[in-house]
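Biologist: I would like to learn how to read a model like this one, feature by feature. Where do we begin?

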Amino acid sequence: MIRIAAVGDVHVDKDVVGRYRPALEELPDRADALLVAGDLTRHGTPDEARCFAKEFGALAVPVVVVLGNHDHQSDQQDQVTEVLTDAGITVLESSATVLEIRGHRLGIAGTKGFGGGFAGACASNFGEREMKDFVGTSERYAQALEAALNSVECDALVALTHYAPVPETLVGEPLEIYAFLGCYQLGRAIDAAPTALALHGHAHHGSERGRTPGGVPVRNVAHPVIKQAYNVYQLLSDEVDATLVTANKTGF
Ligand SMILES: [Fe+2]
């Protein structure tokens, strides 16, 4: 069994430092790895990245993250990535990593992703150059995720994105903004690989549970959705689905 702790949209700045840490200190007793689904910071500055690294770094388990749209706000995402990497945090963007956990290989492929919408209500690759650029961006991230997912050999494969791959985990958000919260191409990429679990954030008012058209369990782990420092899901157990096995109520 592999136990994965996950959270997203923690939006750390100097005022948040210290709020997650007590729960994170207990995490190694509860999980084998921590995945963070983007929006690590408020405005994507290197200073805020240092705050995130102080809060979420130097744990006794590996920490793997993707960036979110907030982490791009200051156009310093490369510096943010450097700060995190220097702190021992693995930052995925159209890439994958494999963690050895008690004899099992956990593969994690990640990308920020992008919006674009879902079946019946999505942007189409037609018309103005700006619209084609928008949809092209969605497709580029999804193709990169699919390639990253299929690049790893492992016993359990997890997809980590910031934007949502399905609309089910957006329920609670206004329908009018679904197209800015995720896109169907991410779900199609997840279904094109032997993915066991897909984790995302971004939709603060969404729902935790969904499933891709191909049947892969999807979990929206945005902090305002899970309302605790992290959820823990287990893989390679007798359960068919990833299952919430631990609720850490010591968060805020
Ligand atoms: Fe976001």
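**Reading the features**

Biologist: What arrangement do the donor atoms around the iron ion make?

Modeller: Irregular, because the angles that the 4 donor atoms subtend run from 86 to 163°. Four donors are tetrahedral if all angles lie between 85 and 135 degrees; four are square planar, and six octahedral, if opposite donors are over 155 degrees apart and all others between 65 and 115; anything else is irregular. Donors are N, O and S atoms within 2.8 Å of the metal (3.2 Å for Na, K and Ca), and since water is not among the atoms, sites may look incomplete.

Modeller: Keep in mind that the model is predicted, so local features need pLDDT of at least 70 and side-chain atom pairs pLDDT 80 or more, while totals for chains, interfaces and linings use all residues. Residues are numbered from 1 along each chain as its sequence is written, and side-chain values use heavy atoms, without hydrogens and water.

Biologist: Which residues coordinate the iron ion?

Modeller: Asp39 (OD), Asn69 (OD1), His162 (NE2) and His202 (ND1) do, at 2.2 Å. Their spacing in sequence reads D-x29-N-x92-H-x39-H. Aspartate 39 sits in the loop between β2 (33–37) and α2 (46–56), asparagine 69 in the loop between β3 (63–66) and α3 (77–86), so the pair ties together parts 30 residues apart in sequence. Helices (H or I, at least four residues) and strands (E, at least two) are DSSP runs, numbered from the N terminus.

Biologist: Is aspartate 39 buried or exposed?

Modeller: Aspartate 39 is buried, at 1% relative accessibility; asparagine 69, at 28%, is partly exposed. Buried means under 20% relative accessible area, exposed over 50%, partly exposed in between (1.4 Å probe, protein chains only).

Biologist: Which residues of α3 are buried?

Modeller: An α-helix has 3.6 residues a turn, so residues three or four places apart point the same way. In α3 the buried residues are Val80, Val83 and Leu84. Viewed down the helix axis they fall within an arc of 95° (taken from the directions from the axis to the C-beta atoms), so they line one face of α3. The face turned away from that buried side carries exposed Asp78, Glu82 and Asp86. The cover over the buried residues includes α2, β3 and β4 (90–91), where contact means heavy atoms within 4.5 Å. Just after α3, glycine 88 has a positive phi of about 90°.

Biologist: How many aromatic pairs are there?

Modeller: A pair of rings is described by the distance of the centres and the angle of the planes. The whole structure has 5 aromatic pairs. Phenylalanine 52 and phenylalanine 56 are stacked, 4.6 Å centre to centre with 10° between the planes. Both lie in α2, 4 residues apart, about one turn, and both are buried. Phenylalanine 114 and phenylalanine 134 have centres 5.1 Å apart and planes at 55°, so this pair is tilted. Rings of Phe, Tyr and Trp (its six-membered ring) pair if their centres lie within 6.5 Å; planes under 30 degrees apart are stacked, over 60 edge-to-face, the rest tilted. Ring pairs link Phe114, Phe134, Tyr141 and Tyr163 into a cluster.

Biologist: How many disulfides does the count give?

Modeller: The count is 0, with a disulfide taken as a pair of cysteine sulfur atoms within 2.5 Å. Cysteine 122 is in no disulfide, as its nearest cysteine sulfur, in cysteine 183, is 9.4 Å away. Cysteine 122 is partly exposed, at 36% relative accessibility.
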